[in-house]
Amino acid sequence: MGRSNARGRDRAAARLSAAVTSFALDVEEDAILGDLRGSAEVAFARQVAMYLCYVAFELSLTRVAAAFGRDRSTVAYACHTIEDRRDDVVFEQWVSALEMVLRGTPVVETGRRSLAVAS
């Protein structure tokens, strides 16, 4: 897979992670993916989305940062923040459920064209 294909897939993973987080927290997806920090609610949703992208899609911190248009240290902070909150049983169950949703996302390695032709 070429570098531009990988970046495109990383951005798609970020959008999917943001969409799931948006639904779960009732925060606008555009706000999660936007350039502005936003309210504390939006910032938290973005932290969750970045964390999910990191753990569910197994992207490096650098790749998550690029996909969200953030600095690597911002993603590292978000991941540590969410990981620390996982000590709370209810939060742990909630994050685990979101992680399972994203891990269950089917990926077709043969490309979209092949899948479209087979339909």
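A salt bridge here is a side-chain nitrogen of Lys or Arg within 4 Å of a carboxyl oxygen of Asp or Glu. This is a predicted model, so local features need pLDDT of at least 70 and side-chain atom pairs pLDDT 80 or more, while totals for chains, interfaces and linings use all residues. Residues are numbered from 1 along each chain as its sequence is written, and side-chain values use heavy atoms, leaving out hydrogens and water.

View 1. R103 and E99 form a salt bridge, with their closest N and O atoms 3.1 Å apart. Both sit in helix α6, four residues apart, so about one helical turn separates them. (Helices are DSSP runs of H or I, at least four residues, numbered from the N terminus.) Salt bridges with shared partners join E58, R86, E92, E99 and R103 into one network. The E58 to R103 contact is 3.5 Å, N to O, and links distant parts of the chain, 45 residues apart.

**View 2. R63 meets D10.** This salt bridge spans 2.6 Å, N to O. R63 lies in helix α4 (residues 61–68) and D10 in helix α1 (residues 3–25), so the pair ties together parts 53 residues apart in sequence. D10 is buried at 7% relative accessible area, whereas R63 is partly exposed at 37%. (Buried means under 20%, exposed over 50%, partly exposed in between, with a 1.4 Å probe and protein chains only.)

Methods:
Helix = DSSP H or I, 4+ residues; strand = E, 2+ residues; numbered from the N terminus.
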